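Biologist: I would like to go through this model and ask what the labels rest on. Please set each value against its cut-off.

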Amino acid sequence: MSPVGHALPRLAPRFRHFLAELDRREGYVAGHSVSVCETALRLGEALGLDADELDGVTLGALLHDIGKVFVDGQLLGKPAPLTPAEAATIRLHPQLGEALLAPTVSHETVLGIVRWHHERWDGGGYPDGLAGAATPLPARIVAAADAFVAMGETRTYRRSRGLDDALAELQRESARQFDPGCVEALVDVLGAATRREVA
Ligand SMILES: [Fe+2]
């Protein structure tokens, strides 16, 4: 069984229910969190995270958007651009997720991923505006994996992009939105996998 297959049954039933509910409300065609988790684990392994950190990445990636259960479902699947007030509401989800998990989850890596997966390398992210390596590496990994997976998914409000487009977008945002080390590793890992499939 894959690491993600092992991790899912370890989640409390209400967290599994929340993940299914998020997929439904956001209009994802398949489990977004599971895909982010698989990508983040490959990236974490390539970047040399130890077993404890990889364990944290597994749970943290699965639960990274759990705070969105507190956000109105109409906003999450909204096909039109969000108003500033609506965007501000959605941007509360990292702190809400951390608050939801903190009473029962003690792994700092998990809580850090949930809180900081929308921070940017250039410091322009949220909720804390952390820049560069001030954001812990597991959270930077999940930020890159989350964006990459979202680009490949078909949601209610846009079509999916091809792999090459998605990797090119990540490279354009390297050292801006994303940790350049994560982008480089992701291109290496996914590019190699694609070349194997084509060969
Ligand atoms: Fe998020």
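Biologist: Why does aspartate 23 count as partly exposed?

Modeller: This is a predicted model, so the answer is computed from predicted coordinates. Aspartate 23 has 17 C-beta neighbours inside 10 Å. A residue is buried at 20 or more and exposed at 12 or fewer. The count of 17 falls in between, so aspartate 23 is partly exposed. Aspartate 23 sits in helix 2.

Biologist: What makes serine 33 buried?

Modeller: Serine 33, a residue of helix 3, has 23 C-beta neighbours inside 10 Å. The cut-off for buried is 20 or more, so serine 33 meets it.

Biologist: Which residues does serine 33 touch, leaving out those up to four places away in sequence?

Modeller: Serine 33 touches Leu19, Ala61, Leu62, His64 and Asp65. A contact here requires C-beta atoms within 7 Å. By C-alpha atoms, serine 33 and leucine 63 are 7.1 Å apart in space and 30 residues apart in sequence.

Biologist: What residues make the contact of helix 8 with helix 9, and how do they divide by class?

Modeller: Helix 8 brings Thr109, Gly112, Ile113 and Trp116, and helix 9 brings Pro138, Ala139 and Val142. Five of these residues are nonpolar, two are polar and none is charged. Gly counts as polar in this scheme.

Biologist: How is helix 4 placed against helix 8?

Modeller: Helix 4, residues 51-63, packs against helix 8, residues 108-116, at an angle of about 40 degrees, and the axes are 8 Å apart. This crossing is right-handed. On the helix 4 side the contact is made by Glu53, Gly56, Val57, Leu59, Gly60, Ala61 and Leu63, and on the helix 8 side by Thr109, Val110, Ile113 and Val114. The classes are seven nonpolar, three polar and one charged.

Biologist: How many residues are in the largest nonpolar core, and which have the most contacts inside it?

Modeller: The core has 42 residues, and those with the most contacts inside it are Ala40, Ala61, Ile141, Val142, Ala144 and Ala145. Elements that give two or more residues to this core include helix 3, helix 4, helix 8 and helix 9. Helix 9 gives the most, with ten residues.

Biologist: What is alanine 40 in contact with, leaving aside its neighbours within four places in sequence?

Modeller: Alanine 40 is in contact with Val57, Ala61, Ile141, Val142 and Ala145.

Biologist: How many helices and strands are there, and what share of the residues is buried?

Modeller: The protein has eleven helices and zero strands. Of its 199 residues, 36% are buried. Among contacts with a separation of 6 or more, 67% join residues 24 or more positions apart.

How values were computed:
Residues are numbered from 1 along each chain as its sequence is written. This is a predicted model: local features need pLDDT of at least 70, side-chain atom pairs count only at pLDDT 80 or more; totals for chains, interfaces and linings use all residues. Axes are lines fitted to C-alpha atoms, for helices over the stretch in contact, and angles run from 0 to 180 degrees between N-to-C directions. Helices (H or I, at least four residues) and strands (E, at least two) are DSSP runs, numbered from the N terminus. A crossing is left-handed if the near helix is turned anticlockwise from the far one by less than a right angle, and right-handed if clockwise. Two residues are in contact if their C-beta atoms, placed from the backbone, lie within 7 Å. A nonpolar core is a set of buried Ala, Val, Leu, Ile, Met, Phe, Trp, Tyr and Cys residues joined through C-beta atoms within 7 Å.
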